[in-house]
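Below are some questions and answers for reading a protein structure. Look at the sequence and the 3D view before reading on.

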Amino acid sequence: MSVVGDRYAESLFDLAKEENKVTQYLDDIKLVGEVLDSDPQIVQFFNHVLIENDKKIQLLDQSFKGNVDQYVLNFLKLLVQSRRIRYIDDIVKSYINLSNQYLGIEEGMIYTPYELTDQQIQDIEKAISQKENKKVTLKVSIDPSLLGGIKVQIANRILMEQLKIK
């Protein structure tokens with residue numbers, strides 16, 4: 001992550017705390033990250049110096065107005081105007097880390113050779129949350145090299161124990 005990205009994320013996080021909207025901003029910033037990650041041309045558009053800021057801001061309004069908090073949208077507009085939108089990936093990652101620390105959430109990955117249902121993912125999250133004594137959210141990664149079962153990784157740890165899931 002970059003120093004610039006960290007500073008902007010800290011500013012947004014401070015605003016979120018002040019507004020009592022850390023969780024809402026977390027959801028909003030994750031949505032922004034997903035949208036921008038969905039197509040590399042979107043970020044290229046926002047980074048292009050020959051495209052006027054007004055057009056970029058208009059696209060932000062069309063894409064996010066009503067879908068994210070107005071302060072988050074204004075934050076994105078500020079990034080465009082100050083030519084810092086190129087740091088959005090770092091900002092998103094840093095904001096998620098700050099929010100997770102503040103909310104006592106730990107993120108991890110489930111590696112599995114097959115698709116899991118939403119209920120199975122929730123059950124695994126619940127079992128690991130109880131084991132870790134904190135809220136754990138997990139993303140799923142399909143790993144065909146696994147012969148069976150699942151592998152759960154949280155930070156640097158890989159959990160291999162038998163989880164009792166109902």
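Questions on the fold

Q: What percentage of the 166 residues of the protein chain count as buried?
A: This is a predicted model, and the values here are computed from it. A residue counts as buried when its relative accessible area is under 20%. Among the 166 residues of the protein chain, the share that counts as buried is 36%.

Q: In what order do the elements of the protein chain run from the N terminus on?
A: The protein chain has seven helices and four strands. Read from the N terminus on, the elements follow the order α-α-α-α-α-α-β-α-β-β-β.

Q: Which residues have the most contacts inside the largest nonpolar core?
A: The largest nonpolar core has 29 residues. Helices H1 (3-19), H2 (22-38), H4 (53-64), H5 (70-81) and H6 (88-103) each give two or more residues to this core. In soluble globular proteins, nonpolar side chains tend to be buried together. Inside this core, the residues with the most contacts are Leu-79, Ile-88 and Tyr-95.

Q: Which residues does Ile-88 touch, not counting residues up to four places away in sequence?
A: Ile-88 is one of the residues with the most contacts inside the largest nonpolar core. Leaving out residues up to four places away in sequence, Ile-88 touches Val-32, Leu-36, Leu-76 and Leu-79.

Q: Is Ser-63 buried, partly exposed or exposed?
A: Ser-63 is in helix H4. Its relative accessible area is 33%. Buried means under 20% and exposed means over 50%, so Ser-63 is partly exposed.

Q: How are H3 and H4 oriented to each other?
A: The axes of helix H3 (residues 40-47) and H4 come within 9 Å and cross at roughly 140°. An angle over 145 degrees would count as roughly antiparallel, and 65 to 115 as roughly perpendicular. The angle of H3 and H4 therefore counts as oblique.

Q: How do the residues of the contact of H3 with H4 divide into nonpolar, polar and charged?
A: From H3, the residues in this contact are Phe-45, Phe-46 and Asn-47. They meet Lys-55, Lys-56, Leu-59 and Leu-60 in H4. The residues of the contact divide into four nonpolar, one polar and two charged.

Q: Which strands stand at the edges of the sheet?
A: Four strands form an open sheet with mixed pairing, in the order E2-E1-E3-E4. A strand at the edge has a single partner strand, so one side of it is left without a neighbour in the sheet. The strands at the edges are E2 and E4 (157-159).

Q: Which residue in E2 stands opposite Met-109?
A: Six of the eight residues of strand E1 (residues 105-112) are buried, so E1 is largely enclosed by the rest of the structure. Eight bridges join E1 to strand E2 (residues 135-142), and the two run parallel. Opposite Met-109 stands Lys-139.

Q: What is the bridge partner of Gln-153 in E4?
A: Strand E3 (residues 151-154) and E4 pair in the antiparallel sense. Three bridges make up this pairing. The bridge partner of Gln-153 in E4 is Ile-158.

Q: At about what angle to E2 does helix H7 run?
A: Helix H7 (residues 118-132) lies across E1, E2, E3 and E4. Its angle to E2 is about 135°.

Note on methods
Residues are numbered from 1 along each chain as its sequence is written. This is a predicted model: local features need pLDDT of at least 70, side-chain atom pairs count only at pLDDT 80 or more; totals for chains, interfaces and linings use all residues. Side-chain values use heavy atoms; hydrogens and water are left out. A nonpolar core is a set of buried Ala, Val, Leu, Ile, Met, Phe, Trp, Tyr and Cys residues joined through side-chain atoms within 4.5 Å. Buried means under 20% relative accessible area, exposed over 50%, partly exposed in between (1.4 Å probe, protein chains only). Contact means heavy atoms within 4.5 Å. Axes are lines fitted to C-alpha atoms, for helices over the stretch in contact, and angles run from 0 to 180 degrees between N-to-C directions. Angles under 35 degrees count as roughly parallel, over 145 as roughly antiparallel, 65 to 115 as roughly perpendicular and the rest as oblique. Ala, Val, Leu, Ile, Met, Phe, Trp, Tyr, Cys and Pro count as nonpolar, Asp, Glu, Lys and Arg as charged, and the others, Gly among them, as polar. Two strands pair if DSSP finds at least two bridges between them.
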